[in-house]
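This report goes through a few features of one protein model.

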Amino acid sequence: MSVEITWWGHATATVRDSGVRVLTDPLFVRRLAHLRRRRGAVPPAAAAVVDMALVSHLHADHLHPGSLAKLPPGTRLVVPRGAGRAVPGLRRVVAARGLRVTEMVPGDVYTVGEVRIRAVPAAHDGRRLPYGPSRVPALGYVLSGESTTYFAGDTGLFDRMPEVVGPCDVALLPVGGWGPYLGPGHLDAGRAAQALARLGARCAVPVHYGTYWPIGMDAIRPHEFHSPGEDFVRHAGQLAPDTVVHRLGHGECVRLEPAR
């Protein structure tokens, strides 16, 4: 296994495998509506220079047209099927930047270079809230090259997760959120560790925590902002002791070499 993971904050990460750079859920802003970035610098412009960008679902902190506008012209963008219809801002950015869009549903596969991208289901509300009732599936993605990396997007724990994901070397799992309470369809640190135990991945990187927080709510359940990464390490040590967890800082990178 040889893969390089850089975590930029929230659900945004770069996965480099077989010379191919894949960016997940790009969010390159200091403020999004009522949320502000409380930890980590906004990713540098170089972070947007990739071979492919993946969008897991339509929520504004995962599909952000302003951040997608930073992708170089011609970049391949993978989104859930129906995203273009549901989000006019996405259509405008795609047209303005000349992005090449592929819409996927669970089971679909796209190959870039030597990396195979497979869409898998996620247990999460896929609507573009609060603008309308359009039902678009939330996705996770499995990237298979020299290694197999599972990017869960945003999801709750579901029974078929090991079956639909399959064997994986690395799991990028959400362990928190952007507010003091997590609604249904999310993983907290404990449930993420349960997911990790079911998946049996050799390595894990916690994401989707410790970056954005609602303005004016710093004192409300602050542990939900600060502690999910450490809590995930602790829970994973109990439930998946054979897995190595890499709790990255914002902008930090880890290179995972083949097992000896």
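How many disulfides does the structure hold? In this predicted model, the count is zero. A disulfide needs two cysteine sulfur atoms within 2.5 Å. The sulfur of Cys168 has its closest cysteine sulfur in Cys203, 10 Å away, which is too far for a bond. Cys168 is buried, with a relative accessibility of 7%, and Cys203 is buried at 3%.

Helix α7 covers residues 228-239, twelve residues in total. From its first C-alpha to its last, α7 reaches 16 Å, close to the 16 Å expected at 1.5 Å a residue. Its buried residues are Pro228, Gly229, Phe232 and Ala236. Seen down the axis of α7, the buried residues fall within an arc of 95 degrees, so they line one face of the helix. They pack against β13 (170-174), α5 (189-199), β14 (203-207), α6 (223-226) and β16 (244-245).

Side chains of opposite charge can pair when their charged atoms come close. The structure holds ten salt bridges, among them the pairs below.

| Salt bridge | Closest N to O |
|---|---|
| Arg81 and Asp108 | 3.6 Å |
| Glu224 and Arg221 | 2.6 Å |

The pair of Arg81 and Asp108 links distant parts of the chain, 27 residues apart. Arg81 lies in the loop between β7 (76-80) and α2 (83-86), and Asp108 in the loop between β8 (100-104) and β9 (109-112). Arg81 is partly exposed at 46% relative accessibility, and Asp108 is partly exposed at 23%. Arg36, Arg38 and Asp218 are linked in a network of salt bridges.

Notes. Residues are numbered from 1 along each chain as its sequence is written. This is a predicted model: local features need pLDDT of at least 70, side-chain atom pairs count only at pLDDT 80 or more; totals for chains, interfaces and linings use all residues. Side-chain values use heavy atoms; hydrogens and water are left out. Buried means under 20% relative accessible area, exposed over 50%, partly exposed in between (1.4 Å probe, protein chains only). Helices (H or I, at least four residues) and strands (E, at least two) are DSSP runs, numbered from the N terminus. The expected span of a helix is 1.5 Å times one less than its number of residues. The arc is that of the directions from the helix axis to the C-beta atoms. Contact means heavy atoms within 4.5 Å. A salt bridge is a side-chain nitrogen of Lys or Arg within 4 Å of a carboxyl oxygen of Asp or Glu.
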